[in-house]
Amino acid sequence: MGKTFTEKVLSQKAGKDVCAGEVVTVSPDFILSHDNSAAIIKEFLKLGIANVSNPQKIVIILDHVVPASSEKYALNHKIIREFVEKQKIDHFFDINFGICHQVFSEQGFAMPGKVVLGADSHTTSYGAFGAFAAGIGRSEVASVWATDEIWLRVPETLRIDLNGRLSPGVSAKDIILRIIGDEGADRANYKAVEFAGEGAGHFSLGSRLVLANMAAEMGVKNGYFAPDGKVFEFLSTCARSEFEPVFSDPDASYEHVLEYDLSSLDPQVACPHTVDNVRPVTEVLGTPFHQAVIGTCTNGRFEDLKTAADILRGKKVARSIRVLVIPASRQEYLTALKAGFLADLVESGCVVLNPGCGPCLGAHQGILAPGEVALSTANRNFRGRMGSRDSEIYLASPATVAASAIEGKIADPRMYL
Amino acid sequence: MTKSRVWKYGDNVNTDVIFPGKYTYSILEPEDMARHALEDLDPDFAAGVHPGDVIVAGRNFGCGSSREQAATCLKYAGVKAVIAKSFARIFFRNAINQGLLVIQSQDAPDNIASGEEIAIDFSQGKIITEKGVYAFPPLPPSVVGILEAGGLIPYTKKRLEDVKIEK
């Protein structure tokens, strides 16, 4: 019997042949953390050792509250900068880089066959490049900094075959929302999800990141796309090391295989207060909202900003709402800036913020008041996430959010192509 | 056997309602975290919870963020154990790493009411309620080791000290 990608990569790392259900101890290639590094440092210091095991494996990217919005956040950042200096951590990216998942990817750390652990649930993103990448908690990161190892249960794999091509106005965000809506928020708990089929190959790397990122909302341990020419070409200029791609065997055993037809898909919207409360946009047309957000680690890349600019160019944001645009990284910001897309968005009435997580987790930059509603390209819409517990969040694609910004209520982007 | 009072909740209790994101980088002390436990799900919880109480919930408890404070705030609020039909994977790890007992049971949650007093027999792997007794499987030895040490940080500290002594 053949093995899945996840079984193979964890077998290689563990130095023995393992299958789903077994527990392995592995040494990761990279360990990511962000503003929460301050709390991780606090735990690390309790361990009674002076130095981290391998500073070259540690990647720290400040993104959650950047620049610091209060003295407490400022102190966290200061503690992190001092630790980075003392421990000689070269892979440190200060507040001028962007959201950790975007920066980690564009800096060439997300490589096929690598094992990445991150103190963030959306660490699953790097499966877009064929890496094994899973989220863990703070204590665990502190422990891995010290010991250079972690125990992992080898997960079963759910394969999702994507067939056909998306229609105009429909994007990767819509398919992942539809899948989560159909399958439920815990469908893939403790499991790996492999996105396959010819449709997966058509997706840009940015679109693959959307799916691998949001796979976390089905509970997955890791997401995966088989790396192809697009990945290798991208990494040819930025890979941090040599890498060996790992692929599932043709006769690998899957927990289940789901089939999705991309060509018949409509734009989708996740309604309050769970990501699996998904309806086609046609069923929620006209829903009023107060704040739109175009950005985050899910949908803040150049292709997303272009989509929004193409819809909003020459038009005005409705007077009743405000629109926040947050590029995912400085690189994406600069590319969109040079292409004129940010000018289009500003002219239409959008507020462009610096790269970072922005208001996604409710810490700063656009907090919701009681009774307010947001329409966001983010990945999570839990009660109270963006501010008041009496606010609501709808999730949609950049195209849907941009079209809705013109009307001031949820609209079908296919009317604005 | 000591009895524990139950706080009962439904499916998909997520990390944002257990410990809101707005506090994640501004509140660093576990005792302060406890004051906001379950704030956006049940505003009465943090003030009403007593040491030794247990939480009983449905599927996918702790889904969402990797924030460990979701486990920490419950532990420091005095919660003795969380019994659920299933746990989100990162929360499950975080709970063990914080020394918070997590018990998976398909049957018990549907048969336990909020405010009910139940007993948990860890050595026998049993939840004893008014309606019946429900067995739960033992945790793997490696996990028990972390729980017994009081969490992953003290567990790792001990291991690092042992390695130092061996050398």
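This is a guided tour of a two-chain model, stop by stop.

**Before you start**

The model is predicted: local features need pLDDT of at least 70, side-chain atom pairs count only at pLDDT 80 or more, and totals for chains, interfaces and linings use all residues. Residues are numbered from 1 along each chain as its sequence is written, and chains are lettered from A and ligands numbered from 1 in the order in which they are written.

**Stop 1: all of chain A**

Select chain A. Its C-alpha atoms fill a box of roughly 60 × 55 × 40 Å along the principal axes. The radius of gyration, taken over C-alpha atoms, is compared with a globule rule of 2.2 Å times the number of residues to the power 0.38. For 417 residues a compact globule would come near 22 Å, and chain A agrees with 21 Å.

Colour by secondary structure. Chain A has 14 helices and 18 strands. Both are DSSP runs, numbered from the N terminus: helices are H or I with at least four residues, strands are E with at least two.

Next, burial. A residue is buried if 20 or more other C-beta atoms lie within 10 Å of its own, exposed if 12 or fewer, and partly exposed in between, with C-beta atoms placed from the backbone. In chain A, 60% of the 417 residues count as buried.

**Stop 2: the two domains**

Select 5–260 of chain A, then 268–416. These are domain 1 and domain 2. The bounds come from an automatic or database domain assignment. Their C-alpha centres lie 24 Å apart.

Now look where they meet. Two residues are in contact if their C-beta atoms, placed from the backbone, lie within 7 Å. By that rule, 32 residues of domain 1 of chain A touch 31 residues of domain 2 of chain A. On the domain 1 side, α4 (100–106), α6 (172–183) and α8 (205–214) of chain A each give two or more residues. Which of them gives the most? It is α6(A), with six residues.

Colour this side by residue type. Ala, Val, Leu, Ile, Met, Phe, Trp, Tyr, Cys and Pro count as nonpolar, Asp, Glu, Lys and Arg as charged, and the others, Gly among them, as polar. The domain 1 side has eleven nonpolar, 15 polar and six charged residues.

Stay with α8(A). Ten of its ten residues are buried, so this helix is largely enclosed by the rest of the structure. Among them are Leu205(A), Arg208(A) and Met214(A).

**Stop 3: a four-stranded sheet in chain A**

Select β10, β9, β8 and β11 of chain A. They form an open sheet in that order, with parallel pairing. Two strands pair if DSSP finds at least two bridges between them. The edge strands, β10 (222–225) and β11 (256–261) of chain A, each pair on one side only. Neighbouring strands are turned by 20° against each other on average, direction ignored.

Zoom in on β8 (157–163) and β11 of chain A. Six bridges link this parallel pair. Find Ile160(A): it stands opposite Leu258(A) in β11(A).

Axes here are lines fitted to C-alpha atoms, for helices over the stretch in contact, and angles run from 0 to 180 degrees between N-to-C directions.

**Stop 4: strand β6 of chain A**

Select 132–135 of chain A. Both faces of β6(A) are covered. Phe132(A) and Ala134(A) are buried on one side, Ala133(A) and Gly135(A) on the other. Strand β5 (115–118) of chain A pairs with β6(A) in the parallel sense, over four bridges. Gly118(A) has Gly135(A) as its bridge partner.

**Stop 5: helix α14 of chain A**

Select 398–407 of chain A. Nine of the ten residues of α14(A) are buried. The buried residues pack against several elements of chain A, including α11 (302–312) and β15 (322–326). Just after the helix, Gly408(A) takes a positive phi of about 75°.

**Stop 6: where chain A meets chain B**

Show both chains. Here 45 residues of chain A are in contact with 33 residues of chain B. On the chain A side, α2 (37–45), α3 (71–87) and α5 (138–147) of chain A each give two or more residues. The most come from α5(A), with seven. This side divides into 15 nonpolar, 16 polar and 14 charged residues.

**Stop 7: the sheet of chain B**

Select the strands of chain B in the order β4-β3-β2-β1-β5-β6-β7. These seven form an open sheet with mixed pairing. At the edges stand β4 (101–104) and β7 (133–135) of chain B, each with a single partner strand, so one side of each has no neighbour in the sheet.

Finish at β5 (117–121) and β6 (126–128) of chain B. They run antiparallel, joined by three bridges. Ile120(B) stands opposite Ile127(B) in β6(B).
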